Amino acid sequence: MTNMTKTNVINLTDEEFIYPGNRACSGCGLSILYRIGLKALGRDCIFVVPPSCLTVMQGLYPIAATQMPILNGTFASTAAIATGVRAAMKRLGKKTQVVAWAGDGGTSDIGIQALSGALERNEDIIYICYDNEAYMNTGVQRSGTTPQGGLTTTTPYGKKETSKNVPDIVAAHNPAYIATCSASYPLDFHDKLIKAKEISGLKYIHIQTPCPPGWGCDERMTVKIGKMAIECGLFDLYEIEEGKKKLSEPSAKLLKKSKLRPVQDYLNMQTRFKALSKEQIAAMQERIDQKWEGYREEFAAK
Amino acid sequence: MSKKLIDSGNAAAAMAVQLAAAEVIAAYPITPQTPLTEKLSELIAAGEMDAEYVAVESEHSALAVCIGAASAGVRPFTATSSNGLLYMSEQLHWAAGGRLPMVMCVVNRGIGAPWSVWNDHQDAISQRDTGWIQIFAKDHQEIVDMTLKAFRLAELVHIPVMVNYDGYYLSHTYMPFELPEAAEVRAFLPDYDYKHTLSPEHPESLNTVTLPDARNDINGVKQGSYMDIRHNLHQEMCLAMDVWEEIDADFQQRFGRGGAPILDPYCCDDAEFVVVAMGSIANQFRDVVDRLRQDDGLKIGVLALQMYRPFPIARIAEALQSFKGVMVCEKGLSYGNQGALYADLKSALYPYPARPRLHNFITGLGGREIRTDDLYLALKTACLQDDLTTPVQNDTPQWIGLQL
Ligand SMILES: Cc1ncc(C[n+]2csc(CCOP(=O)(O)OP(=O)(O)O)c2C)c(N)n1
Ligand code: SF4
Ligand SMILES: [Mg+2]
C-alpha cells in the first residue's frame with residue numbers, strides 16, 4: 001500500500017454521505033472528520049456510535065444528518081456492539097465494513113474494557129476514536145485523555161494527572177493497524193481509512209480533534225490549533241503496522257528540524273491551559289524534546 | 001424423530017438453543033450458568049452447531065454483541081446468572097427499548113453481597129422493569145419447550161425474552177426430557193426477521209436521541225417521541241400474552257406438549273386454597289398439596305405462574321376469585337416492602353369484588369434448603385388460620401426456613 005496515490009482536494013470524491021447541516025457547534029473538528037471520513041469509507045459500512053457529540057451531530061429523532069446506517073449503543077459497549085454487527089455480517093456473508101466511532105471518554109475510560117476485549121479477539125472492525133480531550137457532550141468534564149493541567153468543569157484548577165496514551169494502550173494488544181490522525185489533516189485521515197479498509201483484523205485510528213467550546217478558542221482556529229499541536233511536536237501523526245511505527249508526512253518532516261516550535265505557541269491559543277504554571281510548561285517542553293530526541297535516533301538512521 | 005434423553009437443565013437449554021438455530025452466541029461464564037455456555041462453545045467448536053461463538057470479556061459486552069447481531073438481522077443468544085444479569089442491566093433496557101428480538105436464559109441465583117452461588121429469584125425479579133418478557137420453567141422439559149417458544153415470541157412481538165430456570169435445582173440436576181426433531185422445529189420457528197435491520201441499502205439510524213415531544217420528520221409527518229415509543233412497548237408487551245398463548249397452542253399441536261403457558265394449575269378445580277409460585281418450587285408444592293389433601297383433608301391446589309412479565313393481571317385475578325385463601329411463596333422480595341410477586345398479585349386483585357385472604361411466604365434465599373415439611377406446616381397453618389388476625393399481620397411476609 002506504500003505506493004497508494006495520495007488524496008487531494010482535486011481527486012477527493014464529490015459524493016457526500018451526510019446531509020447539509022448538522023448539530024455540531026461551529027468550528028467543530030469532528031464535523032470535518034465525519035464528512036471526509038465517510039467519503040473514504042464509502043456506502044458499504046455500518047456505524048456503531050456511543051453517546052458523545054457524534055450522537056447529537058448525527059441528528060435528533062426522527063431526522064438524521066447522515067445517510068449511513070447507524071446503531072447507537074450504550075456508552076461502555078461500542079467495541080462489543082461492533083463485534084456483534086461484524087459477527088452478523090459474517091453470518092450473512094457480507095463484506096460490509098463495521099466502523100465503531102467513539103469519543104475519548106467512550107474509548108479511554110468507560111469503553112476501554114470492551115475495546116480491550118475486541119482487540120484481543122482481533123475483531124475485523126475499524127475503531128475510530130476522536131479525541132477532543134474531554135467529555136464534551138456533557139459539558140466539558142475531564143477524561144482520561146485530558147492533558148495534565150487542562151481546565152475542565154471537573155478540574156477547575158487544572159487536571160493533576162497525566163493523560164492516558166490510548167494508542168500505546170492499544171498497541172500493547174498488537175492489533176492489525178494503528179494510526180493517529182488530526183482533524184487538521186483530514187486527507188491524511190482519509191487515506192489512512194482507505195488503507196485500513198483493506199486490512200483484516202482490528203484497525204484503530206486515534207484522532208486529535210480540536211473543539212472550540214471545550215478548548216477555549218475561536219471557532220475559526222480549529223484547523224490552526226490542530227496543526228500547531230503537530231508542529232510543536234506535541235501530538236504526532238504515525239502508523240503502526242506489524243509492530244513497526246512510521247511517522248506520517250506532517251510529523252516526519254519535523255525530523256529534519258533541529259528545533260521545533262515551542263509548545264507555548266500551542267498552549268497560548270487556548271484558554272483551557274491558562275492555569276498552567278511556568279514550571280509545568282517547562283516540564284511539558286522537556287518531555288516533548290526528549291520524545292523527539294528519541295524519534296530522531298529511531299527514525300533518522302533509516 | 002424426537003429424541004428422549006436424560007441430561008442436566010443446562011444441557012437441555014443448550015440443545016434447545018442449537019435446535020433454535022441461534023447464529024451468534026456471546027456469553028460470559030458465571031455459576032450456575034457456566035455449563036450452558038461451555039456446552040454451546042463445545043457444540044460450535046465441534047461443528048455440531050453452525051454459529052459464531054464470541055468469547056466476550058463481560059456480560060455487559062455479551063448483551064452488546066447480541067444487540068449488534070440482532071440489529072443487523074441475525075438471531076443471537078446469551079445466558080447468565082445473578083451478578084452477571086445485573087452487570088447487563090443497562091443493556092437489558094437498551095435491548096428492550098430498541099425492540100430487539102432475542103432470547104436469554106437466566107439460570108437464577110442469589111445476588112451478592114454477601115456472595116452466594118446458590119439459587120433464588122432475586123436476579124430476575126430485580127430486572128423485572130427492564131421491558132423484557134420473563135418466563136419461568138419448572139422442569140427440564142419446560143426449559144426446552146419454553147426456550148423454543150421464546151424465540152418465536154421474541155421475533156413476533158419484537159421484545160426480548162428471558163427464560164428463567166432455577167440454578168442447581170434445574171441447571172445441574174439430571175432429568176428426562178424430549179428433544180423435538182430439527183426439521184419440525186424449523187417449521188415451528190421461521191427464520192429471523194427484523195424489520196429495521198441495519199443495512200447500507202436501507203440506511204436507518206437506530207436508537208437516536210429523542211426530544212421530549214413528537215416531531216415532524218423530513219416529509220412533514222409527525223413521529224412519536226420517547227414517551228410514545230415507550231408506550232408502544234408497554235402496549236405490545238401486554239398483547240404479547242395473547243401471542244404467547246397462540247404460540248403455545250401451535251406448539252402443542254405440533255409436539256403434543258403445552259396447554260398452560262401462563263398459569264399452570266394443579267388440583268385447583270375443587271380447591272378452597274391455592275399456593276402461587278414460580279419455577280421449580282411450584283413442582284415441590286405439588287407434593288405438599290397432595291399431603292395436605294390426604295392427611296388433613298384440606299382442599300388446596302398449586303397455581304404455577306409461568307409468565308411474570310408481562311404480568312397476567314386479569315387472568316390471575318379471575319383465576320383467584322373463587323379461592324378462600326391464596327398463599328404466595330417466592331424466592332425474592334422488594335426489600336423494605338414485600339415479595340414482588342405478592343405485591344403484584346395483590347394489586348391485580350384490587351379491582352375485583354372477591355378478595356381471598358392472602359399470605360406471603362419468602363423462602364430459599366441464597367439456596368437455603370426448602371424443606372417440604374416446612375412448606376407443609378406453613379400452608380397448613382395458613383389454611384387453618386381463623387379470620388381474627390389483623391390485616392397488618394396477614395400482609396407481613398413470613399420467612400420460611402430462617403435458622404436464627
Ligand atoms: C453509562 C453512562 N454514563 C454516563 C453517560 C453520560 N455521558 C454521555 S456522553 C458523555 C461524555 C462523552 O465523552 P466523549 O466520549 O469524550 O465524547 P464527546 O462528548 O467528547 O464527543 C457522558 C459522560 C452515559 N450516557 N452513559
Ligand atoms: S462540543 Fe466540541 S466536539 Fe462537541 S460538537 Fe461542539 S465543537 Fe464539536
Ligand atoms: Mg471527548
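In chain A, strand 7 (residues 238-241) and strand 8 (residues 244-247) pair in the antiparallel sense over 4 bridges. Strands here are DSSP runs (E, at least two residues), as are helices (H or I, at least four), numbered from the N terminus; two strands pair if DSSP finds at least two bridges between them. Across this pair, A:Glu239 stands opposite A:Lys246 of strand 8. The two strands form a hairpin with 2 residues between them, and A:Glu242 in the turn has a positive phi of about 45°.

This is a predicted model, in which local features need pLDDT of at least 70 and side-chain atom pairs count only at pLDDT 80 or more, while totals for chains, interfaces and linings use all residues. Residues are numbered from 1 along each chain as its sequence is written, chains are lettered from A and ligands numbered from 1 in the order in which they are written, and side-chain values use heavy atoms, with hydrogens and water left out.

Chain B holds an open sheet of 7 strands in the order 3-2-4-5-7-6-15, with mixed pairing. Strand 3 (52-54) and strand 15 (307-309) of chain B each have a single partner strand, so one side of each is left without a neighbour in the sheet. Neighbouring strands of this sheet are turned by 20° against each other on average, direction ignored. Angles are taken between N-to-C directions and run from 0 to 180 degrees, with axes fitted as lines to C-alpha atoms, for helices over the stretch in contact. Within the sheet, strand 6 (residues 133-136) and strand 7 (residues 161-166) of chain B run parallel, joined by 4 bridges; B:Ile133 has B:Val161 of strand 7 as its bridge partner. Helix 3 (residues 59-71) of chain B packs on the sheet, touching strand 2, strand 3 and strand 4 of chain B, and its direction makes about 165° with that of strand 4. Contact means heavy atoms within 4.5 Å.

Another open sheet of chain B has 6 strands in the order 12-14-13-16-17-18, also with mixed pairing. Its edge strands are strand 12 (263-266) and strand 18 (398-400) of chain B, each pairing on one side only. Strand 12 and strand 14 (residues 300-305) of chain B run antiparallel and share 4 bridges, with B:Leu263 opposite B:Leu305 of strand 14.

The contact between the chains takes 40 residues from chain A and 44 residues from chain B. Together the chains bury about 3,300 Å², 62% of it on carbon and sulfur atoms; buried area is the accessible area (1.4 Å probe) that two parts lose on being put together, summed over both. In chain A, A:Tyr61, A:Thr74 and A:Arg91 lose the most area to chain B, together 22% of what that side buries.

Between chain A and chain B the count is 5 salt bridges, each a side-chain nitrogen of Lys or Arg within 4 Å of a carboxyl oxygen of Asp or Glu. In one salt bridge, the side chains of A:Arg121 and B:Glu57 meet at 3.6 Å, N to O. The largest share of the side of chain A that touches chain B, 11 residues, comes from helix 3 of chain A. A strand pair also joins the chains: strand 2 of chain A and strand 9 (residues 205-206) of chain B pair in the parallel sense over 2 bridges. There, the bridge partner of A:Leu71 is B:Leu206.
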